[in-house]
Amino acid sequence: MSTVSTEPEAEPLARRLLGAELLIVLGLSLGASGLSALISFAGSLTQPLALGQQIATLNGSRAPGRPWLDLAWQVYYIARGLMPVVLVGYLLVREGTSLRVLGFDLTRKLRDLGRGAAVAAAIGGSGLALYLASQAAGYNLTVAPSGLPEVWWRIPVLLASAWQNAILEEVIVLGYLLRRLGQLGWGWPAIVVTSSVLRGSYHLYQGVGGFVGNMVMGAVFCLLYRRWGRVMPLVAAHALIDTVAFVGYALLAGHVSWLPTP
């Protein structure tokens with residue numbers, strides 16, 4: 001059984017620097033997103049409308065009525081969203097290694113994709129069921145995975161957005177975070193809880209269902225990452241889940257009765 005490599009615990013000064021580095025990376029990426037989501041959820045709770053009647057749009061238009069400008073903004077935000085991954089890659093190189101230490105590479109493409117597809121199939125259906133139940137019960141906002149206009153680039157942008165989300169989240173919240181917390185001397189249970197809560201936090205803008213569902217997914221992903229020692233199957237799983245959600249919504253919204261829409 002492959003496991004995540006156990007790093008030697010850092011010296012006191014090095015530990016402080018690693019802790020500062022971790023806070024900076026999270027402050028520039030998903031830690032900041034978690035705080036933003038918390039503020040957004042507080043705003044939703046204080047709205048006169050019930051949560052189930054409010055809308056959370058994931059991929060909205062950046063320039064309505066101006067498709068080429070909209071496309072330019074979409075590409076810009078997707079590329080900018082990957083910069084924390086570039087930063088982590090740089091920090092790992094400074095450490096004397098690379099993103100390959102997290103299993104983020106293409107050396108096992110078919111195996112990683114196969115494992116990812118299996119995980120996506122297992123988690124995707126249960127995640128959809130949890131969302132529908134929590135939205136119907138009034139604990140979740142109505143999530144609109146796509147608010148893009150019906151133009152030629154809509155599906156390619158949704159696919160790129162799905163992969164950007166997957167790469168960013170799994171490299172930062174799974175590979176990098178687990179590595180750094182291990183180097184800081186944290187125990188495995190505390191690492192899993194921290195990673196899972198962080199993952200849930202930046203989905204809180206969707207409501208309680210988004211928070212709880214992503215926490216559970218985060219715990220499962222931590223266990224699988226520890227077993228496989230590679231982040232890439234989880235990147236594939238996440239990308240496939242988001243692809244089905246984004247593209248499926250774009251194609252089905254308004255055409256099926258069971259899918260909540262604005």
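Of the 262 residues in the chain of this predicted model, 46% count as buried. The secondary structure consists of nine helices and two strands. The radius of gyration is 19 Å, close to the 18 Å that the globule rule gives for 262 residues, so the chain is as compact as a globular protein of that length. Eight salt bridges are present in the structure, and several of the residues that form them are described below.

**Overall fold and dimensions**

- In sequence order, the elements of the chain follow the pattern α-α-β-α-α-α-β-α-α-α-α.
- The C-alpha trace spans about 55 × 35 × 35 Å along its principal axes.
- Among contacts between residues at least 6 apart in sequence, 76% join residues at least 24 apart.

**Surface and charge**

- The accessible surface of the chain amounts to about 13100 Å². Carbon and sulfur atoms account for 67% of that surface.
- The chain carries 18 positive and 12 negative side chains. The centres of these two sets lie 3 Å apart.
- Side chains of opposite charge can pair when their charged atoms come close.

**The salt bridge between Glu 95 and Arg 180**

- Glu 95 and Arg 180 form a salt bridge in which the closest N and O atoms are 2.8 Å apart.
- This pair links distant parts of the chain, with Glu 95 in helix H4 (residues 83-95) and Arg 180 in helix H6 (residues 154-183), 85 residues apart.
- Glu 95 is partly exposed, because its relative accessible area of 33% falls between the limits of 20% and 50%.
- Arg 180 counts as buried, its relative accessibility being 1%.

**The salt bridge between Glu 169 and Arg 199**

- The side chains of Glu 169 and Arg 199 form a salt bridge with an N to O distance of 3.9 Å.
- Glu 169 belongs to helix H6 and Arg 199 to helix H7 (residues 188-201), so this pair ties together parts that are 30 residues apart in sequence.
- Glu 169 is buried, with a relative accessible area of 7%, and Arg 199 also counts as buried, at 0% relative accessibility.
- Elsewhere, salt bridges that share partners join Glu 21, Glu 95, Arg 179 and Arg 180 into one network.

- Glu 21 is located in helix H1.
- Its relative accessible area is 16%; Glu 21 is therefore buried, as this value is under 20%.
- Glu 21 and Arg 180 are 159 residues apart along the chain, while their C-alpha atoms are separated by 9.2 Å.
- Not counting residues up to four places away in sequence, Glu 21 touches Leu 91, Tyr 176 and Arg 180.

**The salt bridge between Arg 100 and Asp 105**

- Arg 100 forms a salt bridge with Asp 105, and the closest N and O atoms of the pair are 3.6 Å apart.
- Arg 100 is exposed, with a relative accessible area of 55%, whereas Asp 105 is buried, with a relative accessible area of 13%.

- With a relative accessibility of 7%, Ser 29 counts as buried.
- Ser 29 touches Pro 84 and Ile 172, when residues up to four places away in sequence are not counted.
- Ser 29 and Val 85 are 56 residues apart in sequence, and the distance between them in space is 9.2 Å, C-alpha to C-alpha.

**Ser 134, in a helix**

- Ser 134 is part of helix H5 (residues 109-136).
- Ser 134 is buried, and its relative accessible area is 8%.
- Leaving aside neighbours within four places in sequence, Ser 134 is in contact with Tyr 139, Asn 140 and Gly 209.

Terms used. Residues are numbered from 1 along each chain as its sequence is written. This is a predicted model: local features need pLDDT of at least 70, side-chain atom pairs count only at pLDDT 80 or more; totals for chains, interfaces and linings use all residues. Side-chain values use heavy atoms; hydrogens and water are left out. Helices (H or I, at least four residues) and strands (E, at least two) are DSSP runs, numbered from the N terminus. The radius of gyration is taken over C-alpha atoms; the globule rule is 2.2 Å times the number of residues to the power 0.38. Buried means under 20% relative accessible area, exposed over 50%, partly exposed in between (1.4 Å probe, protein chains only). Contact means heavy atoms within 4.5 Å. Accessible areas come from the Shrake-Rupley method with a 1.4 Å probe; for residues, only the protein chains shown count as cover. Lys and Arg count as positive and Asp and Glu as negative; His and the chain ends are not counted. The place of a charge is taken as NZ of Lys, CZ of Arg, CG of Asp or CD of Glu. A salt bridge is a side-chain nitrogen of Lys or Arg within 4 Å of a carboxyl oxygen of Asp or Glu.
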